[in-house]
There are 2 protein chains.
Amino acid sequence: MPFDFIPEERRLTQPEELLTYSYDATDHRGRPGLVLRPVSREEVVEIVKEAHETGTPIVPRGAGTSLSGGPVPADGAVVLDLTLMDRVREVREGDRLVTVEPGVVYAELNRHLEEYGLFFPPDPGSGSVCTIGGMVAANSSGIRAVKYGTTRDYVARLEVVLADGRVIETGTYARKSSSGYDLTGFFVGSEGTLGVFTEVTLRLLPKPTHYAAARLAFDGPGDAAEAVGRIIASGLEPAVLEFMDRNTLRTVEEYTGLGLPDAGGVLLIEMDGFDDGVEDSLKQAIELAGAGEVETATPREELWKARKAALPSLARRAPGLVLEDVTVPISRLPEMLQGIEEIAGEYGIAIATFGHAGDGNLHPTFLVEERDRNLEAALERLFSHALALGGTLSGEHGIGLEKKGYMDLEHRGSLELMKAIKRELDPGGILNPGKVF
Amino acid sequence: MPFDFIPEERRLTQPEELLTYSYDATDHRGRPGLVLRPVSREEVVEIVKEAHETGTPIVPRGAGTSLSGGPVPADGAVVLDLTLMDRVREVREGDRLVTVEPGVVYAELNRHLEEYGLFFPPDPGSGSVCTIGGMVAANSSGIRAVKYGTTRDYVARLEVVLADGRVIETGTYARKSSSGYDLTGFFVGSEGTLGVFTEVTLRLLPKPTHYAAARLAFDGPGDAAEAVGRIIASGLEPAVLEFMDRNTLRTVEEYTGLGLPDAGGVLLIEMDGFDDGVEDSLKQAIELAGAGEVETATPREELWKARKAALPSLARRAPGLVLEDVTVPISRLPEMLQGIEEIAGEYGIAIATFGHAGDGNLHPTFLVEERDRNLEAALERLFSHALALGGTLSGEHGIGLEKKGYMDLEHRGSLELMKAIKRELDPGGILNPGKVF
């Protein structure tokens with residue numbers, strides 16, 4: 001029996017068990033042949049070695065919250081469920097580093113770090129359940145990326161099981177290095193196609209103690225986008241700078257009754273820091289923005305309720321929705337929003353757009369009942385438009401199955417190089433086959 | 001005649017012309033067979049294609065200020081002098097991006113950016129002459145890395161001529177991306193062994209308007225190192241946090257007469273920002289440091305004279321000096337300094353240590369007349385000690401010829417992977433052969 005060195009209770013074969021590993025947060029589905037739940041690096045190594053010898057496809061998986069289809073297994077593949085490897089191994093307080101197993105949940109890690117006054121900033125929407133390993137695989141980020149960057153910026157070291165079962169360590173505990181090629185950064189965002197992470201060392205930052213937030217309402221989405229440009233160009237460093245368009249606002253209002261303005265666009269802005277200076281910074285940003293309506297009186301948590309309700313509200317309105325993830329340079333946000341409106345009109349699809357405007361990352365959400373050719377044509381227009389503006393297919397969700405057909409549009413000649421390195425590292429093609437390319 | 005499509009005046013063959021391309025800032029030497037000075041991507045492509053077809057080694061070169069031997073040509077190799085490709089192509093002010101040719105000089109770029117209120121922060125000691133291409137090749141940094149990071153953190157896009165003459169573009173103008181493998185970061189720090197950069201797009205930051213600096217003197221080097229740990233752990237963000245030991249101080253004093261304290265260790269600290277808050281931050285850092293003597297009255301520029309004089313003064317005392325570049329986690333700085341003292345005693349070599357203590361990067365400088373076996377043994381001990389503390393062989397200078405013999409000590413299994421990728425990208429081994437590995 002294959003992989004029989006994994007005990008029965010962590011070796012799932014029943015259809016109802018396999019079913020829970022057949023999906024992620026997209027509508028892609030794939031039936032795994034087997035699910036293995038290793039508890040140690042040694043077990044992962046043994047699994048990969050047997051997979052290597054038998055040519056069995058393996059799909060590393062964390063919480064399965066991906067929005068790209070990345071962890072959806074190829075039919076018959078072995079899923080490597082890493083959620084049982086969930087120990088925080090070591091906090092190096094003086095060096096602001098933490099070493100964890102890949103299955104540690106993002107929010108739990110930050111709870112664990114509270115006593116040290118430290119935090120791991122990338123803040124994905126699925127942070128309450130997603131795993132560090134999954135975040136490293138997708139180079140995840142979220143509403144704080146505008147100030148704090150993405151997961152890649154925080155990965156200091158990785159322990160990786162390669163396709164043939166060899167174990168390597170990449171990176172350093174030092175704060176910088178010019179020693180050899182940057183394998184660490186290269187593995188971040190590789191979506192399980194180059195190796196299996198069995199240990200991750202992350203850089204941490206001191207957790208801010210002061211926050212100040214406001215909601216700004218604008219007549220049109222372009223006005224909001226231009227305000228984003230002015231705020232970012234000023235050198236002010238908002239910790240969060242989120243956008244919601246009229247479609248999003250109306251839908252959220254419908255399902256929550258939060259009393260949101262019926263505006264052409266809203267920005268939610270938050271400053272963080274270590275003293276009352278955050279209030280001054282917020283005032284400066286508000287002045288630069290020149291919004292029609294400014295709400296600062298409400299407690300900060302209230303302001304965020306609307307943003308957090310965006311995707312759930314839209315999903316109630318259109319359960320088959322398709323959430324996109326294009327990212328453009330800040331200066332091109334007005335053109336991107338304009339393009340989205342045009343695509344909505346041309347293809348007759350309602351699109352609600354929200355997202356991390358401060359770093360150019362928008363989530364135009366296509367409110368459809370199901371995927372069809374009209375939708376695919378609209379998506380292709382969306383991607384082409386973002387790329388023509390100097391943007392990228394994905395700001396934070398990854399490529400997975402969702403966008404592999406468009407990789408050539410963005411990367412052209414570079415794509416061949418990525419494929420060559422993939423072939424070199426995984427000649428048998430057993431690591432998460434069919435993803436990214 | 002090889003490469004005869006390059007006009008004679010940019011195709012150097014005379015021994016006295018070749019001589020100036022035979023060295024860098026180390027004592028390594030190599031005689032090039034030919035020097036080509038291309039002025040366009042098209043010429044670089046033609047050169048690489050002919051080199052590819054004829055199996056001719058080529059060595060990309062900027063200003064040749066490297067401290068690792070990286071640009072020192074293998075005997076008979078063709079040097080690709082990229083300093084004539086020195087145009088700033090485009091400043092995208094709203095997106096804080098600049099696109100340059102590889103031969104642009106660091107300091108000139110920052111002068112060019114002044115009118116936009118922007119700057120490219122990594123600040124190597126050779127900044128007045130070194131080129132952006134060279135900085136990207138070595139992942140250079142300098143005294144500001146403690147706050148601002150290294151060159152890799154700022155490279156958004158690269159245009160790269162691969163070993164067979166194909167041209168690819170990597171990266172994006174967007175502020176973040178989860179689309180495919182991170183080729184951009186992988187090329188940064190590759191020391192001319194994976195491709196030739198013909199265009200670089202850098203992220204920029206708003207240039208601070210306020211500065212505050214101080215010099216702190218301590219009884220022993222360990223006291224200074226512990227102060228560094230407290231300052232960094234506090235979450236204060238010094239823009240500069242430099243260390244000089246007693247040997248360095250005495251040598252600088254001897255050659256400059258600046259009136260430096262005869263202390264066991266000195267820290268130079270600078271805060272930068274956009275308001276008077278920098279003064280408060282400096283005061284907090286000084287309190288945390290608990291130094292015996294604090295000098296803040298002198299103009300900032302005066303304080304920096306001593307640090308800038310460190311290497312020149314040491315070089316006058318010992319023209320054959322060997323400048324090292326080990327980097328350790330901040331918490332291990334006291335042990336690293338202790339280890340350096342022990343090595344000095346054990347091998348009977350005077351060592352003056354200064355460097356970027358704030359990011360753990362020390363430049364222990366071996367004051368020798370020439371390299372010999374005793375020195376080599378002492379260096380190996382230095383590297384082993386740094387690696388045992390979780391550090392790295394090079395914080396900012398690169399590996400080049402200088403440290404390739406030690407790569408296995410640091411990278412072990414990862415080294416095979418780096419070599420495999422090198423072979424895949426440059427199967428003929430024509431790109432800067434003999435470096436890094």
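Between chain A and chain B there are 6 salt bridges, each one a side-chain nitrogen of Lys or Arg within 4 Å of a carboxyl oxygen of Asp or Glu. One of the pairs to look at is B:Glu396 with A:Lys176, whose closest N and O atoms sit 3.1 Å apart.

A quick word on the ground rules: this is a predicted model, where local features need pLDDT of at least 70 and side-chain atom pairs count only at pLDDT 80 or more, while totals for chains, interfaces and linings use all residues. Side-chain values use heavy atoms, with hydrogens and water left out, and residues are numbered from 1 along each chain as its sequence is written.

Back to the interface. Chain A brings 74 residues to the contact and chain B brings 74, contact meaning heavy atoms within 4.5 Å. About 5,700 Å² is buried between them, 55% of it from carbon and sulfur atoms; that is the accessible area (1.4 Å probe) the two parts lose on being put together, summed over both. On the chain A side, A:Lys176, A:Ser178 and A:Tyr181 lose the most area to chain B, together 17% of what that side buries.

Now for the whole structure, which holds 62 salt bridges over all chains. In chain B, B:Glu324 and B:Lys403 pair up at 2.9 Å, N to O. B:Glu324 is buried at 1% relative accessible area, and B:Lys403 is buried too, at 2% (buried is under 20%, exposed over 50%, partly exposed in between; 1.4 Å probe, protein chains only). A:Arg41 and A:Glu42 also form a salt bridge, at 3.1 Å, but here A:Arg41 is partly exposed at 31% and A:Glu42 is partly exposed at 45%.

How values were computed. Chains are lettered from A and ligands numbered from 1 in the order in which they are written.
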